[in-house]
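Student: I'm new to this structure and would like a close look at one single part of it. Could you pick one, take me through it slowly, and then show me what lies around it?

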Amino acid sequence: MLKTFSGRPASQNEFELRSFISLLNEHDVKRYLEVGSRHGDTFHEVMTSLPVGSYGCAVDLPGGLWGKKKTEETLMAVAEDLRAKGYVIDVVIGNSTHADVIERIKGYGLFDAALIDGDHTYKGAKTDWLNYGPLARLVAFHDIVGQGMREKVHGNPVEVPRLWAEIADEKERCVEFVDTDSAMGIGVCISH
């Protein structure tokens, strides 16, 4: 089982996350953006799998949309741990769809890879795709499989599978990492 920085149960399927990380390493990723970092466990796992000195930017709402009050505090601890290990880290606390956050992230330049795992509604995920997809040569989405799922805290629909179906149809170079019987999955579009 995947051991997380925070000690909480992993929010990712280990096979799916390890497959995603392998792809990042195959594509020599050194600049990584994660939209929807929550406690920072996935962010920490990905960053520590990249070469020391790599740059990472974690984005999340103050307090986290999924109802966890201490996510910001834990995410900041992740950032400090990564900095101590030799990584260059920025944390952006704010709504990824707001103009000030978008401009701030664009100011960090282009990324080798981005993981979109924030707002799981169709509108929210598509907005993140349109804003951050052009900034990265690999763009990944979490929760690409399943129908009718609801997120645990507020009961909002998880509509990423709908968006993923549209994106994967349009892109020639998309890959999926979905473990047996998984209700999550990671899909990645490779632009070049």
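Tutor: The buried residues of helix 3 are Thr71, Thr74, Leu75, Val78, Ala79 and Leu82. Here buried means under 20% relative accessible area, exposed means over 50%, and partly exposed is in between, using a 1.4 Å probe and protein chains only. These six positions sit on the same side of helix 3 because they cover an arc of only 145 degrees around the axis, the arc being that of the directions from the helix axis to the C-beta atoms. On the other side of helix 3, Glu73 and Ala84 are exposed.

Before going on, a word about what you are looking at. This is a predicted model, in which local features need pLDDT of at least 70 and side-chain atom pairs count only at pLDDT 80 or more, while totals for chains, interfaces and linings use all residues. Residues are numbered from 1 along each chain as its sequence is written, and side-chain values use heavy atoms, with hydrogens and water left out.

Now back to our helix. Helix 3 covers residues 71-84, which is 14 residues, and spans 20 Å from its first C-alpha to its last, close to the expected 20 Å at 1.5 Å a residue. That expected span is 1.5 Å times one less than the number of residues. Helices (H or I, at least four residues) and strands (E, at least two) are DSSP runs, numbered from the N terminus. Just after helix 3 comes Gly86, with a positive phi of about 105 degrees.

What covers the buried side? The cover over the buried residues of helix 3 includes helix 2 (41-47), strand 2 and strand 3; contact here means heavy atoms within 4.5 Å.

Two strands pair if DSSP finds at least two bridges between them.

Strand 1 and strand 2 run parallel and are joined by 5 bridges, with Tyr32 standing opposite Gly56 in strand 2. Strand 1 (residues 31-35) also pairs with strand 4 (residues 111-116) in the parallel sense, over 4 bridges; there, Leu115 in strand 4 is the bridge partner of Glu34. Since 4 of the 5 residues of strand 1 are buried, this strand is largely enclosed by the rest of the structure.

Most residues other than glycine have a negative phi. Asp28, in the loop between helix 1 (14-26) and strand 1, has a positive phi near 55 degrees and is partly exposed at 46% relative accessible area. Arg38, in the loop between strand 1 and helix 2, has a positive phi of about 50 degrees and is partly exposed at 27%.

Finally, step back to the whole chain. The protein chain has 6 helices and 7 strands, running α-β-α-β-α-β-α-β-α-β-α-β-β from the N terminus on. Of its 192 residues, 50% count as buried.
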